[in-house]
Amino acid sequence: MTAPLLELRSVSASYGPIRALKDVTLRVGRGEIVALIGANGAGKTSALMTISQIVRASAGDVLFDGRSILGMPPDRVTAAGICHVPEGRRIFARLTVEENLRMGAFLVRDAAVVAARMEAAFAVFPRLRERRMQTGGTLSGGEQQMLAIARALMLEPKLLLLDEPSLGLAPLIVRQIFDVVADLRRRGVTVLLVEQNARMALRLADRAYVLETGEIRREGPGAELLDDPAIREAYLGG
Amino acid sequence: MRRTWMDVTRNGLWTGLAAGIALAVAACGKDPAPAPSGGAGAGGGAAPASSEPIRIGVGGPITGPQAKNGSDLVDGTTMAVEEWNAKGGIRGRKIEFVARDDEADPKKAPTAAAQLIDQGVVGVIGHFNSGSTIPASKAYADKGIVCITPASTNEFVTDRGLPTVFRVCGRDDQQAARAAKFVAEEFKAKKVAIFDNRTAYGKGLADNFANALKGRVEITVREGFDEKERNFKPYLNMIKEKGADIWYFGGIFEQAAPLLIQARGVGITAPMMSGDGVHGYVDDFLKKVGEGANGTFTTFPPTDPAFIQRYKARFAGKEPGPYAIFSYVAANVLLHAIHDSGSEDGRKVAEALHKGSWDSPLGKIEFDAKGDVKGPPEGTYVVWVVKDGAHVVHSSK
Amino acid sequence: MTPFRAVLRVLLASAVAFAISIPFASVRSTAEAGFTFDLRPAGTIAGVVAAAAILGELVRLAGRYLGPGAPRDARPPFALPAKARGAALAAAALLVALVPLWSGSGTVTMATEAMIFAVIAVGLQITIGMAGLLVLGHAGFWAVGAYTYGLLTIHLGWSFWPAMAAGGVAAAAMGFMVGLPALRLRGDYLAVVTLGFGEAVRAVLKNENKWTGGDANLPSNLVPGQLRGVQGEIGQWIWQPYGTPGRNGDYECYLTALGLLALCIFSVVRLARSREGRALFALREDETAAKCMGVDTVRTKLLAFTSSAMWAGLAGALTAVQRDSLNPELFDFNTSILFVAMVVLGGLGSVAGAVLGAGALWILPPLLQDWFEDITLYRPLVIGALMAGMMVVRPEGLLGSRSRKAAG
Amino acid sequence: MIQTLWDGFVQGALYAVVALGYTMVYGILMLINFAHGEVMMLGAYAGVVTLAGLAGSGAMASLGLPLCLCGAVLASMGVAACYGFVVERVAYRPLRGAGSLSPLISAIGVSIVLQNFVMLTQGNAPIYVPGADKAWQDALTGGWTAGPLSVQPTDALIVAVCVLLMAGLWLFVQKTRIGTAMRATSQDRVMARLVGIDVDRVISATFVIGSALAAVAGVLTSLLTMQAKFDMGFLLGMKAFVAAVLGGIGNIPGAMLGGLLLGLVEAAGIYGLRADYKDVYAFGLLLVVLIARPRGLLGERVAEKV
């Protein structure tokens, strides 16, 4: 087995006095979709923030492609090939859709490449093409989520960190977004997915980790966890 | 967790007072060692004994934005002290002087005064700015120390009637009266515009000028601007709009130069008139304005070419500032009075100053009851005009 | 590792200082010869910066071991039992009160001034240090107190104590009024609004001289008898040891300033320990969180502004007495900055720090003038560098407490 | 009246250019860069020293005035940009994330340091644009008159340059990659990092550009007032900040609008009310705007970041 694309080795992190992550060890293999599920405040978002170095790990190591990225500035982490679609989407509200996508490809200097990728993004999300001159703030929630994912894909990342893509969206749009994620697997993008909607996430994921108060409690293939009665009890509403 | 405020306050009272005490003791317990400055030699303890030098003080803007003026004070006093020491001092004792800096900042003037007082000076030459002289002279008067200002023209300096406070320069009301007489009777202006820079000096001068003109000449513009203002066009427009045969500026050369350049720029041809704050300053005013300065009137007492030559000889060709001569005269008068009174008690020296009469490069110096030099209501001021880049006497009537 | 990086930082700092000071320190234009160029001044500056950087590194090092980050005893080493502390305080106050007996009379003036400034700085500590609201126009409150005192004594013939109280009240009222917009403003807008307030006060004083005496000062010959309350009724026998005839109110001023300072320290420390004080500190740490914790931010901010302005006003009244004349130039922006510097240098939130800051910035430069004649020239530069350097190297100041705001 | 308003407009154009620097920095860092006015002063000094030097060495006679002006402006932009860059690195960057009070105090400290640095090195007397020089008198006086309005060449130059600068900055921010990155950073600094923008470099670029603009404004101010002095920057800077707030801080067209408006209001105040309260009008206007419309005239309603 080749080295995993991403590896967290006994990572701990804290916000001031509150410890968000305790001794988290986690691996994401190439081409995998890995889900990270858990209750509110379990540390899922913190885990992603620690990977993209917005939150500094206080102990442990984060390896990407076999190299430690611990302490790298977040923009260098992005340049290394990790794109993070944060919770709440964080669209640049006063930039147009097109400018948002351009910012997604900030590290790509070749204008032709940017144009091609933008075309590709519009092919995946035709709605964005209609809205290309609108500012991000005027889009609906679903459109913003699409834009956020499209923006992250502009860099053609090796690893996509997706934080709560379904949050606050209508079921129909959630399905659409998950279809896009499933499609990413076919295109060889590795995804680390954080989701409240554990059922959908586990169905989609190859493997999954269960976080509880900052610690990894369970680990296993998505389908297996989906069938586990304890998991069903705790996270899938029985 | 919430130790923040506890940390701060637990020992706040205790430490606070301790720090206060330490500082107070540091400040008060220490009698600063005398620091000789300028010409004379080193000094000893604070109490004057017969072999000790007689100490006088100079208080003024040694540093800061008006350091140029402060050097007038120091230079003039240096000359006087050196001359007296060359003659053998007073009663066989050398004279030395100590300079303290008020930075032309009224906040710092009492501190400078306090330090001079603790140096045991008999009298002080200074300060320069009226804003500094007023609080400082009060401190000197309280301690019975003579204070002769060579440059503070604000009336209030002497109008308080403090017995040990004198000045050898003129007063704003005298200067303004002279300017008003010139404008109304000699220049025969119909319309006058008046600006000032809202400082103690500038506004006082301009107000006096406006008062003196009341009923004689029409004042079309009476405005002020901050002393940091440098864009004068909106104000100069008023002259253009309301008209003026001559315009007056109560302020100093630093603003007068750009003011005049800008006035010429917007096409105002009427001459500017100003007071002692603009007179002199060849390098900073006349040369900067260039040809545009020609025709500018100022009020200033006539100067003594002999003094200027002596000054240049002493200070390696340096051009004297306008108040060097006043400082020289002030120091000389003070030393005369110390000599005549036979005492180093400021109050006795002040009595001698009030009684005495001396010849000086500025003419006869006799003080009236308030401490001003006796003279006509216009003082010794004459009107100067700028001709070919130099101040020349225009009217000494 | 660390020493190496410290050396590197020092070298880098002086190299950069050298490079960027060339255009100003080394190049001059002259009307006669075009440019003159001389690298030596830039070199001097680089040297000074290097020295400052070394000092900064040392402070940083010291802070690592001595700062509040390091574990600290519940009590400082010199803590005394409560009774002994009270006695020590009383003895100390007495000692300070007696200082004028053997000190030079002129330096009493300086000490009085320093104590007046200490009162202002301690008061300002409430807004800046405790509540975290930057005030850049505090000289305005000082002015309001001073002029209120002056106008009341001159025009209405009030005596010292009531006029001084009125000065405090007037300044407090002004503080309340300036505090009102503060309720809606972010901290940095507030700084500019207070700056505007200070400038406005100065402009009024300069321009409305019909009322204020303008630049021509308060006619102080009307002020003697200022300390009527002190000198008159109870006065004579208490102040006998100090007042030799002909000395007008110097020692009375000194003692009043000392009393005011003691009162100020006492009540500000009490305030800091009270419920309101905790609310103030909470406001500094995190306004939103404070609100969530049930702190009445409106009330707290107004309290901070009002009380801090009141101390400036009381100090202003004393200034008017001590100087015997007032001048709008006393209350300019530089003065406000000086106050902020006193607070910052001593330490944000520390009462002792404010006293220390006031003393250090006011007394030291004139005392050091005996050794460094040009020290006054460099004072503002040093103040500015200390303010910036302090924030970078040791934001909590000499005696302050570190803000516990989480980074990010 | 018209003449006074025109003068106010010219002054307003200068405010606007300086305000751009405040607004850009505030947009990204939420920091009032108190030292910005000082950077303007540094620029003015560098420009005037260059001009005076060129005039003094006789180079102006051979190169001609326009070329010398360009040289002076370029020199001042370079110097100011260096200072802007260094100030940010030394005094602001170490304080990032340290609450809002520390950077403000640090900024004030830097402002005092810069002022006194220039006072100590270049003297406390103002230095003059070589005003006695005949070429200057000819080139910068005279002008055009239309009815009650007369426009001097300096005024025209100032307005033209300011309009050009504002247009240029607008295009830069709207059209270029770095400009878009600046806007993105000002909207969401964390997200900007996540898409790979080196936020520190963007901030440096902001300081460099803002400082260079301020330097031009400084040189132009010196042409207007004929001198540069160490304390010229602070009040002018504060007013420019007020202008930025008026227009809506963080908003580039807003800064331009605010600057012009402030200039006009001051001129109207001088003309119609009292001239000696000129400096108070700006702050009064600020208070009114902050209370009535806290986001400024063109400011958008954006949720406060917590």
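Trainee: Where does Asp65(A) sit?
Mentor: In this model, which is predicted, Asp65(A) belongs to the loop of chain A that runs between strand S4 (57–64) and strand S5 (67–68).

Trainee: And what is its phi, positive or negative?
Mentor: Phi of Asp65(A) is positive, near 55 degrees, and the residue is not a glycine. As background, most residues other than glycine have a negative phi, and most peptide bonds are trans.

Trainee: Ok, peptide bonds then: is the one from Gly126(B) to His127(B) cis or trans?
Mentor: That bond is cis, with omega near -5 degrees, and His127(B) is found in the loop of chain B between strand S3 (123–126) and helix H5 (130–142).

Trainee: Switching topic, how many residues does each side bring to the contact of chain B and chain D?
Mentor: Chain B brings 32 residues and chain D brings 31 residues, and the area buried between the two chains is about 2,600 Å², with carbon and sulfur atoms giving 50% of it. On the chain B side, Asn231(B), Lys233(B) and Glu254(B) together supply 19% of the area that this chain buries against chain D, which is more than any other three residues.

Trainee: Why quote an area at all?
Mentor: The size of an interface is often given as the accessible area lost when the parts come together.

Trainee: How many salt bridges cross that interface?
Mentor: The rule finds four salt bridges between chain B and chain D. Asp276(D) forms a salt bridge with Arg198(B), where the closest N and O atoms are 2.5 Å apart. For polar contacts, the count between chain B and chain D is 13 residue pairs, with both residues at pLDDT 80 or more.

Trainee: Which elements of chain B touch chain D?
Mentor: Those that give two or more residues to that side are strand S7 (218–224), helix H9 (233–242), helix H10 (253–265) and helix H11 (282–289) of chain B. By class, the chain B side divides into 14 charged, eleven nonpolar and seven polar residues.

Trainee: Which element gives the most to the lining of the second largest cavity?
Mentor: H11(D) does, with three residues, while the elements of chain D that supply at least two each also include helix H1 (2–29) and helix H13 (278–292). The lining of that cavity has nine charged, five polar and five nonpolar residues.

Trainee: Last one, what does Arg193(D) touch?
Mentor: Arg193(D), which lies in helix H9 (residues 189–194) of chain D, touches Pro73(A), Pro74(A), Asp75(A), Thr78(A), Val199(D) and Asp200(D), leaving aside residues up to four places away in sequence. Its side chain makes a polar contact with the side chain of Asp75(A), at 3.0 Å.

Methods. Residues are numbered from 1 along each chain as its sequence is written. Chains are lettered from A and ligands numbered from 1 in the order in which they are written. This is a predicted model: local features need pLDDT of at least 70, side-chain atom pairs count only at pLDDT 80 or more; totals for chains, interfaces and linings use all residues. Side-chain values use heavy atoms; hydrogens and water are left out. Contact means heavy atoms within 4.5 Å. Buried area is the accessible area (1.4 Å probe) that two parts lose on being put together, summed over both. A salt bridge is a side-chain nitrogen of Lys or Arg within 4 Å of a carboxyl oxygen of Asp or Glu. A polar contact is a pair of N or O atoms within 3.5 Å; within protein, one must be able to donate a hydrogen and the other to accept it, and residues adjacent in sequence count only if both atoms are side-chain atoms. Helices (H or I, at least four residues) and strands (E, at least two) are DSSP runs, numbered from the N terminus. Ala, Val, Leu, Ile, Met, Phe, Trp, Tyr, Cys and Pro count as nonpolar, Asp, Glu, Lys and Arg as charged, and the others, Gly among them, as polar.
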